[in-house]
Amino acid sequence: MLRRTLLMAAASAACLTLAPLAARADSLVDEAKAVVAKATGRADKWDGPTTGPKAVGKKTIVYVAGDMRNGGILGVSQGVKEAAGVIGWTYREIDGQGTVSGQAAALSQAVALKPDAIIVGGSDAVEQKAGIEDAAKQGITLVGWHAGAKPGPLDGVPIFANITTDAMQVAKVAAMKAIADSDGKAGVVIFADSTYAIAIAKGRAMEAEIKKCTGCSVLAFEDTPLSDVSTRIPQLTTTLLQQNGAKWTHSLAINDLYYDFMPPALSAAGIAGDGDPQNISAGDGSEAAYQRIRARDHQAGTVPEPLAMQGWQIVDELNRAFSGQKWSGYVPGVHLVTPDNIAFDGGPKNVFDPDNGYRDAYKKIWGVQ
């Protein structure tokens, strides 16, 4: 009798312990679905600045690209060039060609041109600190795009403002999609690259979100350099399938590039384009990713940057700097592209270009047509 009583008490205690866990799991799934719903909504309302200085006189700006082969860096350059033409400034660009030394040389060339401003596009501001400080000493204004981990002024380097979405929020949205789609039962492989501090931080942030989900599991955290994906990902995909089988329901990557080389291995294993694993990218929004998402070809989502809009923001921030004002404080919201919303906000052109009228908004601030 005593033994039966003890067993019943133990069972009752176990139920009391499991109940809060189940409630927390349900709560997290509900939160994930709400986050995904917000991130997949139409980006058709302007939430950026509506006031600021009128356009200053003619200026010369130089875009120092980290690597023009990178779709993000290229897309921003096109936005900057377009906005510079509207505001009446002279635009030039120099390609750093994807190496630290090449970026340093490009920055030196830009400084030698004695422009009014330099845009550090996709190069790490800390790595290029010497060149950036040299430019600042010569009275050149500097703005960055993905030059550091956070938006706004950067600590320790004379960057007026760094333009980027919030990388940690991007990571959260990507992870939440896996949790929401699986109803809290995702088996996840994460792909990141420790070559870049922001990339590995984003990967670990996704891992932390998945680990909050009691019914989910992180099957593997693959630190795979972006420079090696073409050679490493095909075989790695096959290996992961052999190791995890049907437990692998979702992939989270810090860049769409990983998924450029995964589909052949998945297809060879008999996995349909809309089957598991569901591949989700926390950033980039490449043309190839848009095409895969539209075709449901082994990619379920991407969290892209509004590249052209960020180019216009860069010009606006420079105009504020030239006018002696503070940076605008604007950080674009996180947008998740899926097959259900790819027809909007630039999707037909394979880019994230919000239908929010940002061009007209900036023209109105600057007082130009």
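Which residues does T141 touch, not counting residues up to four places away in sequence? T141, which lies in strand β4 (residues 141-145), touches D116, A117, I118, L318, A321 and F322, where contact means heavy atoms within 4.5 Å. T141 is buried, with a relative accessible area of 18%; buried stands for under 20% relative accessible area, exposed for over 50%, and partly exposed for what lies in between, with a 1.4 Å probe and protein chains only.

This is a predicted model, in which local features need pLDDT of at least 70 and side-chain atom pairs count only at pLDDT 80 or more, while totals for chains, interfaces and linings use all residues. Residues are numbered from 1 along each chain as its sequence is written, and side-chain values use heavy atoms, with hydrogens and water left out.

The protein chain has 12 helices and 10 strands, these being DSSP runs numbered from the N terminus (helices H or I, at least four residues; strands E, at least two). The radius of gyration of the protein chain is 23 Å, close to the 21 Å of the globule rule for 369 residues, so the chain is as compact as a globular protein of that length; the radius is taken over C-alpha atoms, and the rule is 2.2 Å times the number of residues to the power 0.38. Of the 369 residues, 50% count as buried.

Turning to the sheet, 5 strands form an open sheet in the order β7-β6-β8-β9-β10, and the pairing is parallel; two strands pair if DSSP finds at least two bridges between them. β7 (217-223) and β10 (301-302) stand at the edges with a single partner strand each, so one side of each is left without a neighbour in the sheet. Strand β8 (residues 250-253) pairs with strand β9 (residues 278-281) over 4 bridges in the parallel sense, and H250 has Q278 as its bridge partner in β9. Helix α6 (residues 197-211) packs on the sheet, where it touches β6 (187-192), β7 and β8, and its direction makes about 170° with that of β7; axes are lines fitted to C-alpha atoms, for helices over the stretch in contact, and angles run from 0 to 180 degrees between N-to-C directions.

Strand β6 is largely enclosed by the rest of the structure, because 6 of its 6 residues are buried. In a regular strand the side chains alternate between the two faces of the sheet. Here G187, V189 and F191 point one way from β6, whereas V188, I190 and A192 point the other way. β6 pairs with β7 in the parallel sense over 6 bridges, and F191 stands opposite E222 in β7.

F191 also belongs to the largest nonpolar core, of 49 residues, where I179, F191, M206, I210, L252 and Y258 touch the most other members; such a core is a set of buried Ala, Val, Leu, Ile, Met, Phe, Trp, Tyr and Cys residues joined through side-chain atoms within 4.5 Å. The largest share of this core, 9 residues, comes from α5. A second, separate core of 32 residues includes V80, I87, L307 and W312.

Leaving aside residues up to four places away in sequence, Y258 touches F191, A192, D193, T224, L226, V229, I233 and A253. Among these, V229 and I233 are also buried residues of α7, a helix whose buried residues pack against β6, β7, α8 and α9 (263-268). Just after α7, G245 takes a positive phi of about 55°.
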